[in-house]
Amino acid sequence: MEIGAVEQQLKEHGALQTHVDHFWRQWILRKNPTARTPRVPEKAKETFAEMNRMLSGLYSVIEENPSPDGSLRLVLRLFDNQLIETVVLPGNGVCISTQVGCAVGCLFCMTGKSGLIRQLTDLEIVSQVHAARQYRKINKVVFMGMGEPSHNLRRVMNAVNFLAVYGAIGYKNLVVSTVGDKRLFDELRKSKVKPALAISLHTTDDEKRKKLLPGIKPMPVNEIMDFADEYATLGAYPIQFQWTLLKDINDDEKEVDDLIALWKRRRAILNMIPVNFVEGNSFTRPSEERMEEIARKLKENHVLLKYRNSAAQEVDGGCGQLRARKLKELEPEPVPVKNGSISEDPALK
Ligand code: SF4
């Protein structure tokens with residue numbers, strides 16, 4: 001179900017906007033009603049109860065996988081038995097999925113292998129924040145899990161808006177990730193809602209990029225950078241770029257020199273993450289020494305770098321890997337660890 005459809009049902013049964021606002025806030029903030037919560041009109045009570053039942057059936061957490069770095073990978077089962085990954089991050093953040101599968105098909109990514117299976121609804125997107133709040137306080141949401149957000153644009157923008165209005169998360173802590181897409185860029189230009197932006201670049205070479213992202217026709221890197229500059233001014237916060245480090249693909253001197261040239265006079269952050277091993281893939285990470293060398297050279301040349309080098313490769317650490325393992329295991333019916341139910345709301349009785 002979509003956020004708008006729920007609101008329509010509530011309003012058709014006599015709810016005012018203020019009732020709707022409280023309904024959403026209580027759910028996404030996992031709060032109980034207080035004395036100041038407005039009483040729901042008599043004729044709307046059954047619809048409110050029905051919508052609460054629907055929300056409690058949105059997802060079940062069927063796997064909790066803690067990592068040594070403090071993150072917690074979750075697998076959520078949706079109403080139609082599709083599985084998605086949500087990662088509760090150290091430092092009160094959560095990384096959420098926007099699609100089941102993904103059409104971009106990045107060669108080094110497990111999610112990309114399945115192609116696009118289905119879009120998530122805006123409610124399913126925000127429900128992952130609801131799920132994460134069972135474990136930690138959440139004040140940052142990164143749309144960087146399974147899926148390419150620009151391929152589910154309307155729902156992603158609805159989710160951004162919902163989390164800012166009801167979820168107590170500032171726009172600059174709502175980070176939408178993309179491989180670069182004109183439709184998303186056009187939408188962000190005209191939208192009053194200005195989330196932070198993360199762009200997955202991986203290489204400065206357009207031809208190489210086409211091969212790494214075979215499911216789409218990628219935007220040229222120079223057009224992506226032009227938009228990043230424009231948006232950094234519009235949104236007033238620096239753009240983040242993702243660079244998955246791949247041995248013998250994007251770790252040579254030319255790539256490093258081209259990156260340095262691209263970063264000249266730019267206020268952008270480069271996140272370098274060594275690739276995670278994916279079954280059936282030949283991609284590996286550069287040696288420790290090479291990664292350190294690249295990081296040193298970039299820093300010396302004033303590239304604002306965040307470089308995460310976990311010495312050991314995390315088991316199921318890459319996007320979509322835990323889901324893939326769970327799918328293999330799921331012969332018997334999965335048993336929910338926790339469900340999406342919210343505490344009973346006396347105002348709705
Ligand atoms: S890395 Fe992201 S964009 Fe690429 S296939 Fe995986 S989910 Fe899609």
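View 1. Residues are numbered from 1 along each chain as its sequence is written. The model is predicted: local features need pLDDT of at least 70, side-chain atom pairs count only at pLDDT 80 or more, and totals for chains, interfaces and linings use all residues.

View 2. Helices (H or I, at least four residues) and strands (E, at least two) are DSSP runs, numbered from the N terminus. Helix H6 covers residues 153–165, and its end C-alpha atoms are 18 Å apart, in agreement with the 18 Å that its 13 residues should span at 1.5 Å a residue; the expected span is 1.5 Å times one less than the number of residues. Among the buried residues of H6 are Arg 155, Asn 158 and Leu 163. A residue is buried if 20 or more other C-beta atoms lie within 10 Å of its own, exposed if 12 or fewer, and partly exposed in between, with C-beta atoms placed from the backbone. The partners of the buried H6 residues include helix H1 (3–12), helix H5 (122–132) and strand E8 (174–178), contact being defined by C-beta atoms, placed from the backbone, within 7 Å.

**View 3. Arg 25 in helix H2.** Arg 25 belongs to helix H2 (residues 17–28). With 16 other C-beta atoms within 10 Å, Arg 25 is partly exposed. Beyond its neighbours within four places in sequence, Arg 25 is in contact with Lys 31 and Tyr 166.

**View 4. Two residues with positive phi.** Asn 92, which is not a glycine, has a positive phi of about 65 degrees. Asn 92 is in the loop between strand E3 (83–89) and strand E4 (93–95), and is partly exposed, with 13 C-beta neighbours inside 10 Å. Ala 168, also not a glycine, has a positive phi near 60 degrees and lies in the loop between H6 and E8.

Note on methods:
Two residues are in contact if their C-beta atoms, placed from the backbone, lie within 7 Å.
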